[in-house]
Protein chains: 2
Amino acid sequence: MRTRFQQGLDELREKLLRMGGLAEQAVERACQAYIDRDLNGCHQVLENETLINAAERDIDETAFDLMAMQQPMAVDLRFLLAVVKINADLERVGDQAVNIAERVMDMVELPAVELPVDIPRMATAVSAMVRRSLESFVEGKAELAQAVLEMDNVVDRMRDDAFIVLVKKMNTNPEATRQALDALLIARNLERVADHATNIAEDVIFWVRGDDVRHNAAQEAPVQPTAGTTGS
Amino acid sequence: MRTRFQQGLDELREKLLRMGGLAEQAVERACQAYIDRDLNGCHQVLENETLINAAERDIDETAFDLMAMQQPMAVDLRFLLAVVKINADLERVGDQAVNIAERVMDMVELPAVELPVDIPRMATAVSAMVRRSLESFVEGKAELAQAVLEMDNVVDRMRDDAFIVLVKKMNTNPEATRQALDALLIARNLERVADHATNIAEDVIFWVRGDDVRHNAAQEAPVQPTAGTTGS
């Protein structure tokens, strides 16, 4: 009986990782569509959102069933609650990818202009944050989660820089206002993806490690779910 | 023993309502600061964020303790998971209020300009959505939650309208670009608050009523937590 529960936890972890893969891919695809001015890529992102939404629901239900199946130990309950919270963040990463795709669709309608902002670099940083936050969860490594929290400051700075140079661009080239605004909003969407990765990292530390760095200083008190870490 | 658990559920519901009040107040205060160009109001919003963060943590821990206390019935488990999810949304409503306050602080530094956008009207609509989504939770009324979902479209349209007129303003009055951009971002922040209210309404329908409208059509299958609805 206990073993079935453990298997359930392992399967749930796998499902969450696949969900993370879908969300990360959506962001990367939307940013690739930005680079290539590719309407098809945008449509793909919009279509894949339904997959992400279905995956979110499936994970929520699986976590719920595991909680209801038997009295889980406190450490497993923390793990299950972490899954529910992380799941919600991943779904919203998918939403941000959709927002980016919509801005790209707007830009493709307009003349291409040179914009002083490095969206691909920002996208790379943000994707790495999502990936690492999930790694920190799967491997139960608080150091990895901590590294994600630090990367968030870097992305915030990129967004602030984008803000400054793009407003200047709007002032000097009013005919490029709309494109500059689209790029600015994409930078904000990417920063929001980084925020979700940060939330995930905080949840890993709070729920899985029994700690709370969300609004306090970080301390470490390692706690592993009873199902242990799989080799992944 | 069961009675203590029921009391715990009632207390948790009260805590979540207080949390909702704090989050709603933060948004209203930030928008009042926008109207009055009031730096003090902005600082109050920033200071109150720590209260909201502490409340979030307290609610998470209380929900966790109730889940761990005894084997909750499935309906109570759904209720507790709804609380955890709604709690996260309310904390992010607080974050949006902080974002608005920061934009207002930027605007106060700049010359006041006439902007073709009705932020107070949008703020009123958005506050009502947050309030009603919480009412729908407390009273277990799916119709109220459904009404919140419909209001979201109205707010989305307000945001789109703001986008169009403010970009036009940037083009015709380049010297007002930065102020127009601040207002545009405030409109986006308010729309994000509306999104959180929508998430809450969806959670009410999915978790509390045993239904899923998040990504499907709405159906009704009323389920009440065993603690029942208090008269609030």
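How many helices and strands make up the secondary structure of chain A? In this predicted model, the secondary structure of chain A consists of six helices and zero strands. Followed along the sequence, the elements of chain A give the pattern α-α-α-α-α-α. Chain A has 232 residues, and 56% of them count as buried. Among the contacts in chain A with a separation of 6 or more, 82% are made by residues 24 or more positions apart.

Chain B was related to chain A by superposition. A rotation of 180°, with 0.0 Å of shift along its axis, places chain B on chain A with an RMSD of 0.0 Å. This is the relation of a two-fold axis. Within chain B, the C-alpha nearest the axis belongs to Q71(B) and lies 2.8 Å from it. The two copies use the same surface, in that 100% of the contact residues of chain B recur in chain A.

The interface was then described by its residues and its area. On the side of chain B, 44 residues are in contact with 44 residues of chain A. The size of an interface is often given as the accessible area lost when the parts come together. Between chain B and chain A, the buried area is about 4,000 Å², and carbon and sulfur atoms give 57% of this area.

Polar and charged interactions were also counted. Eight salt bridges are found between chain B and chain A. One of them pairs E61(A) with R78(B), whose closest N and O atoms are 3.9 Å apart. The count of residue pairs in polar contact between chain B and chain A, both at pLDDT 80 or more, is eight.

Four helices of chain B, namely α2 (39-69), α3 (74-109), α5 (142-172) and α6 (177-208), each supply at least two residues of the side that touches chain A. The most is given by α6(B), with 13 residues. Sorted by class, the side of chain B that touches chain A has 17 nonpolar, eleven polar and 16 charged residues.

E14(B) lies in helix α1 of chain B, which covers residues 2-36. Is E14(B) buried or partly exposed? The relative accessible area of E14(B) is 34%, so this residue is partly exposed: buried residues fall under 20%, and exposed residues are over 50%. In sequence, E14(B) and V138(B) are 124 residues apart, while in space the distance from C-alpha to C-alpha is 9.1 Å.

How values were computed. Residues numbered from 1 in each chain as written. Chains lettered and ligands numbered in written order. Predicted model: local features only at pLDDT ≥ 70, side-chain atom pairs only at ≥ 80, totals over all residues. Heavy atoms only, no water. Contact = heavy atoms within 4.5 Å. Buried area = accessible area lost by both parts, 1.4 Å probe. Salt bridge = Lys/Arg side-chain N within 4 Å of Asp/Glu carboxyl O. Polar contact = N/O pair within 3.5 Å; in protein donor to acceptor, adjacent residues only side chain to side chain. Nonpolar A, V, L, I, M, F, W, Y, C, P; charged D, E, K, R; others polar. Least-squares fit on C-alpha atoms with pLDDT ≥ 70 in both. Buried < 20%, exposed > 50% of the residue type's maximum accessible area, 1.4 Å probe, protein only.
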